[in-house]
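This report walks through selected features of one protein model. Look over the sequence and the structure first, then read on.

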Amino acid sequence: MAKLFLTSAFFSAFIIFNTLHHTANSQSFIGINYGQVADNLPPPSATVKLLQSTSIGKVRLYGADPAIIKALANTGIGIAIGTSNGDLPALANDPNYAKQWINSNVLPFYPASNIILINAGNEIMTSGDQGLISQLVPAMTNLQNAINSVSLGGKVKISTVHSMAVLKQSDPPSTGSFDPAFGDTMKSLLGFLEGTGAPFTINPYPFFAYRSDPRPETLAFCLFQPNAGRVDSGSKIKYMNMFDAQVDAVRSALNAMGHKGVEIVVAETGWPYKGDSNEVGTSVENAKAYNGNLIAHLRSMVGTPLMPGKSIDTYLFALYDEDLKPGPGSERAFGLYKPDLTMTYDVSLSKSSQKLVQ
């Protein structure tokens with residue numbers, strides 16, 4: 001009996017250990033954006049120590065800062081890097097430039113630095129620059145060929161980031177469709193992603209949806225708080241939060257184009273904790289509710305109605321405030337952490353506090 005008790009106790013301890021280990025290390029779906037439009041950020045080495053104290057599993061850079069990429073070496077943290085929008089013409093027109101870009105920004109660091117994704121530009125499709133739009137897929141193709149030439153095809157994916165404005169229709173989610181104005185470029189882009197197994201990366205911001213419809217019931221819907229829900233008249237699915245509705249609208253658009261196999265990655269989403277006097281909804285309370293409840297939603301693994309049972313890789317915006325960004329005050333108030341490495345507010349990202357935020 002004593003032996004049985006010891007065995008049972010050992011087994012229980014083993015289960016508890018594995019559960020805790022799983023909790024601490026299975027958050028690869030939680031990422032964060034590491035922007036640098038600021039003059040007061042801590043050094044990369046300090047930032048990496050901060051990241052290692054959290055359950056954040058991925059970091060997205062807007063460029064390919066070698067100091068940051070190098071600092072992330074041997075941490076296991078996944079790194080998404082990006083080319084500048086201005087690099088696209090050269091990448092599209094000169095395969096050797098694409099090879100040089102990979103030789104400079106990937107090869108010196110990989111595999112110690114876990115580079116997993118390269119985004120060719122940021123929100124190009126909705127930039128209004130027809131020249132850049134036409135060069136997007138050729139640039140991605142040359143980057144893919146360059147990655148293939150150094151035997152990293154499939155290990156480092158090539159994509160590009162989109163704003164929600166690529167959708168012509170998003171409400172209700174079942175009617176989600178891409179703007180036909182993007183026509184052949186979108187078809188080529190989706191074909192490229194399907195063929196290479198790369199994700200469609202999108203920036204859904206319930207904050208902006210609330211800003212255009214600032215009713216209390218909309219705020220609750222956007223913040224994952226108790227609300228009556230919204231029934232999709234097409235699918236009859238009741239949506240309980242705006243994040244799921246926006247992501248499923250993208251899923252519907254991809255499905256409508258015949259690309260059910262293309263995965264979605266949320267490249268940016270967040271909520272500002274302060275803003276100008278004329279900006280609605282900008283408060284610490286709302287920012288904590290959105291980000292905290294989003295993290296709890298992702299950890300629940302419930303998924304979205306159209307993609308149940310798994311969590312979409314989601315990069316929170318943002319790691320720090322960027323005090324040099326132009327625009328309204330809210331643009332400079334998305335940071336989850338301050339330059340002194342303390343939390344702006346607690347959303348249970350620390351490994352020492354894995355509680356769910358209500």
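## Basis

Helices (H or I, at least four residues) and strands (E, at least two) are DSSP runs, numbered from the N terminus. The expected span of a helix is 1.5 Å times one less than its number of residues.

The model is predicted: local features need pLDDT of at least 70, side-chain atom pairs count only at pLDDT 80 or more, and totals for chains, interfaces and linings use all residues. Residues are numbered from 1 along each chain as its sequence is written, and side-chain values use heavy atoms, with hydrogens and water left out.

## Helix α6

Helix α6 covers residues 130-149, 20 residues in total. From first C-alpha to last it reaches 30 Å, close to the 28 Å expected at 1.5 Å a residue. The helix bends by about 35° at Leu136. That bend is the angle between axes fitted to the seven residues ending at a residue and the seven starting there.

After α6 comes Ser151, with a positive phi near 60°.

Buried means under 20% relative accessible area, exposed over 50%, and partly exposed in between (1.4 Å probe, protein chains only). The buried residues of α6 include Leu132, Ile133, Gln135, Leu136 and Asn142. Packing partners of its buried residues are β3 (78-83), α4 (88-93), α5, β4 (115-122), β5 (157-163) and α7 (183-196).

Helix α11 (residues 284-299) has 16 residues. It reaches 22 Å between its end C-alphas, close to the expected 22 Å. Of its 16 residues, 13 are buried, so α11 is largely enclosed by the rest of the structure.

Met301 follows α11 and sits in the loop between α11 and β12. Its phi is positive, about 60°, although Met301 is not a glycine. With a relative accessible area of 36%, Met301 is partly exposed.

## The cavity

How many cavities of 30 Å³ or more does the structure hold? The count is 1. A cavity is a set of points, on a 1 Å grid over the protein atoms alone, where a 1.4 Å probe fits but cannot get out; lining residues have an atom within 4 Å of a point. The largest cavity has a volume of about 50 Å³, taken as the space filled by probe spheres set on the points, with grid points joined across faces, edges and corners.

Its lining consists of Phe243, Asp244, His297, Leu298, Gly303, Thr304, Lys310, Ser311 and Ile312. Two or more lining residues come from each of α10 (242-256), α11 and β12 (303-304).

Asn105 belongs to helix α5 (residues 95-105). It counts as buried, at 15% relative accessibility. Beyond neighbours within four places in sequence, Asn105 is in contact (heavy atoms within 4.5 Å) with Ala64, Ile69, Ile81 and Ile115.

Lys325 lies in the segment after β14 (314-316). At 19% relative accessibility, Lys325 is also buried. Residues up to four places away aside, Lys325 touches Val37, Phe317, Glu331 and Arg332.

## Backbone details

Tyr110 and Pro111 are joined by a cis peptide bond, with omega about 5°. Pro111 is in the loop between α5 and β4. The bond from Asp171 to Pro172 is cis as well, with omega near 0°.

Conventions:
1 Å grid on protein atoms, 1.4 Å probe; cavity = no way out; pocket = protein on both sides within 12 Å on 5 of 7 lines; lining within 4 Å.
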